[in-house]
Amino acid sequence: MHDLGDPVNQTFRVDLRGIVDLLSHHLYTSPQVYARELLQNAVDAITALHQDGAAEPRTPRIEISSGEANGDGSLTIGDNGIGLSETQVHELLATIGRSSKRDDLGFARHEFMGQFGIGLLSCFMVSDAIEVTTRRAGEPTVLWRGRADGSYTVEPAPADAQREETGTTVTLRPRPGCEHLLTRRAVTGLVTHYGARLPHPVTVDGEPVTGGPAPWDRPDGEGAAERRARLEAYCEEVFGFAPFDVVDVATAEAGLRGVAFVLPMPANPAVPAAHRVYLKQMLLSEGAERLLPEWAFFVRCVVDTAELRPTASREALYEDSLLEATRDALGDQLRGWLVRLSVQDPARLRAFLRVHHLGVKALALHDDDMLRLVADFWPMETNVGPLTLAEFTDRYGLLRFTPLLDEFRQLAPVAAAQGLAVVNAGYVYDAELIDRFATVERQLEVEQLRAADLTTHLQRLETADELALAPFLAVADRVLARLGCDLLVRSFEPSGLPSLYLLDDDTAFQLDLRGTRDQVDDTWSAILGSFQAAAEPRPRLVLNHRNPLARQVLSLDDPDLQATCLEGLYVQALLLGHHPLRPADTAALNQSFLGLIGRAVSGAAQ
């Protein structure tokens with residue numbers, strides 16, 4: 001036993017069973033990825049052979065035999081790639097996590113799929129033992145046997161396993177419970193899923209599983225209409241919808257080519273868009289996220305890339321500067337498609353905006369071209385009918401808007417009757433877009449109309465009318481004070497509207513604050529009191545002097561009947577403005593309704 005003070009170099013002991021458990025439960029999402037990793041190794045071996053100047057040219061092939069074809073439940077996958085020597089077998093198959101030797105052997109360059117040296121370990125998720133028979137040019141055939149307990153052997157291959165040409169054959173014997181993953185049906189499905197777009201011929205039990213043009217291909221002789229029909233059929237098969245449009249995308253820096261399919265129905269912007277991504281024509285992920293900017297949630301892509309980096313599990317893209325640059329480049333291409341659509345087919349652009357205006361408006365917040373597109377083509381709600389911002393400003397000059405939906409609902413008919421055109425900016429992004437539109441179009445006049453501001457546009461009464469109503473207004477003020485509301489009398493259109501309830505967001509905040517203070521303890525009440533305004537604002541009930549009913553209520557001699565009628569007008573104005581009813585408001589509704597019925601019944605009885 002040595003002195004604890006003396007440092008001694010030690011090596012980590014690796015429990016391969018623990019590594020396999022880690023892979024199966026934490027790195028890979030499913031043991032089915034073994035098929036992808038075996039295909040990846042075969043493709044890399046073929047790629048290495050074709051880049052070896054000393055190798056004889058040959059037609060590449062990858063041949064897979066399922067458990068039924070082999071007769072013993074085992075699976076074999078063979079390639080005619082570059083193969084391995086005995087030394088390379090030790091370095092590549094029996095060393096985990098060392099990348100330097102892979103660099104020396106030429107398997108870590110960007111032309112190859114494998115980068116992590118752990119792909120073969122995924123086979124231990126379906127098999128307790130792996131056999132690799134391999135031969136490199138000028139070397140004897142080598143047999144490597146690896147076991148899940150971490151042991152392995154390397155020996156010359158027996159006579160019946162000798163290979164005449166270079167290449168590798170991997171044999172898996174199923175572990176208990178995994179037999180179904182090596183059957184013909186399962187293997188064909190997995191290989192087709194991952195490798196159907198590979199450039200090399202792949203067969204399962206003699207049946208080809210590759211072939212046909214990939215979505216990103218442009219076969220010679222295929223016309224534009226024929227290609228469009230093929231891509232639409234592919235989109236329906238893979239994504240489950242007939243696309244609104246098909247947009248080709250490509251970025252040279254990422255070696256990326258592909259197609260973007262525009263959704264024909266609204267998409268939830270809170271749900272990340274999932275794209276189908278291939279790496280060197282091998283399926284990497286069906287649910288890759290963050291390939292496009294967040295605003296492009298109305299698009300689903302299928303792309304092939306040669307340069308973007310996969311994560312260690314090879315089931316997602318690694319977030320780095322290249323992916324960020326690719327995301328920006330693809331966003332620019334989608335933006336360019338929208339601009340072209342606005343020039344070439346405005347009617348189709350309007351149809352697109354009716355479905356996906358949220359994404360375009362989100363982009364318009366920081367993109368001038370998209371801002372002009374929205375201003376020219378997206379009709380916004382106004383109190384004089386749907387109009388684009390460009391149409392509204394051309395017609396009225398002043399861009400008057402209200403930023404809250406409830407405010408617009410209560411102000412729209414009254415403002416229209418006064419000749420005031422108002423845009424409803426209460427929907428998502430609309431207020432921000434108007435602010436930015438005003439910043440870009442510096443000559444444009446913009447005015448925000450709030451509930452409290454509307455009273456300045458309503459006509460005051462003549463002096464004689466005000467004096468005549470003064471005694472009645474004093475009684476009315478006391479009635480409405482119990483409901484926390486101030487009274488105004490103005491003359492405005494439409495004359496059929498007897499009353500109007502005006503509540504801006506500042507006043508609403510103060511009312512909510514006061515209500516909350518009444519429900520919490522003294523400590524929180526003191527904290528909330530610091531936000532309370534010195535002079536507490538109150539909402540206003542505006543009675544319309546042009547309305548005959550409102551004038552009759554104000555001139556009633558019976559104080560009780562006047563109070564009942566005022567409460568009724570107050571609650572009606574709340575309901576017309578889509579305001580929530582407080583307990584006091586509900587009580588006023590019941591009291592006024594029942595009181596008026598009682599008056600009517602007693603009058604009829606007399």
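A: Two strands are counted as paired if DSSP finds at least two bridges between them. The model under discussion is a predicted one.

Strand S2 (residues 75-79) is joined to S6 by five bridges, and the two run antiparallel. Within this pairing, Thr76 has Thr171 of S6 as its bridge partner. Strand S3 (residues 127-135) also runs antiparallel to S6, with eight bridges between them. Here Glu131 is bridged to Thr171. In general, strands of a sheet pair through backbone hydrogen bonds, in either a parallel or an antiparallel manner.

A further sheet is open and consists of three strands in the order S17-S19-S18, with mixed pairing. S17 and strand S18 (499-502) are the edge strands; each has a single partner strand, so one side of each lacks a neighbour in the sheet. From one strand to the next, the twist averages 25°. S18 and S19 run antiparallel and are joined by four bridges, with Tyr501 standing opposite Leu541 in S19.

Helices accompany this sheet. H19 lies across S18 and S19, at about 60° to S18. Helix H15 (residues 463-481) has Leu469, Ala476, Val479 and Leu480 as its buried residues. These residues pack against strand S17 (486-490), strand S19 (540-544), helix H18 (548-554) and helix H19 (559-576). H15 also bends by about 55° at Ala470, and Pro471 follows within four residues.

Turning to a helix pair, the axes of helix H9 (residues 346-364) and helix H10 (residues 368-377) come within 10 Å and cross at roughly 130°. H9 is therefore oblique to H10, and the crossing is left-handed. Among the residues that meet there are Leu349, Leu353 and Val360 in H9, and Met370, Leu373 and Phe377 in H10.

The loop position is Val422, located between helix H12 (405-417) and strand S15 (423-424). Val422 counts as buried because its relative accessibility is 2%, and the cut-off for that class is under 20%. Beyond residues up to four places away in sequence, Val422 touches a set of residues including Phe392, Phe401, Phe408 and Leu449. Leu398 lies 24 residues from Val422 in sequence, with a C-alpha to C-alpha separation of 9.5 Å.

Note on methods. Residues numbered from 1 in each chain as written. Predicted model: local features only at pLDDT ≥ 70, side-chain atom pairs only at ≥ 80, totals over all residues. Heavy atoms only, no water. Bend = angle between axes of the 7 residues up to and from the residue. Buried < 20%, exposed > 50% of the residue type's maximum accessible area, 1.4 Å probe, protein only. Contact = heavy atoms within 4.5 Å. Axes fitted to C-alpha atoms, helices over the stretch in contact; angles between N-to-C directions. Parallel < 35°, antiparallel > 145°, perpendicular 65-115°, else oblique. Left-handed = near helix turned anticlockwise from the far one by under 90°.
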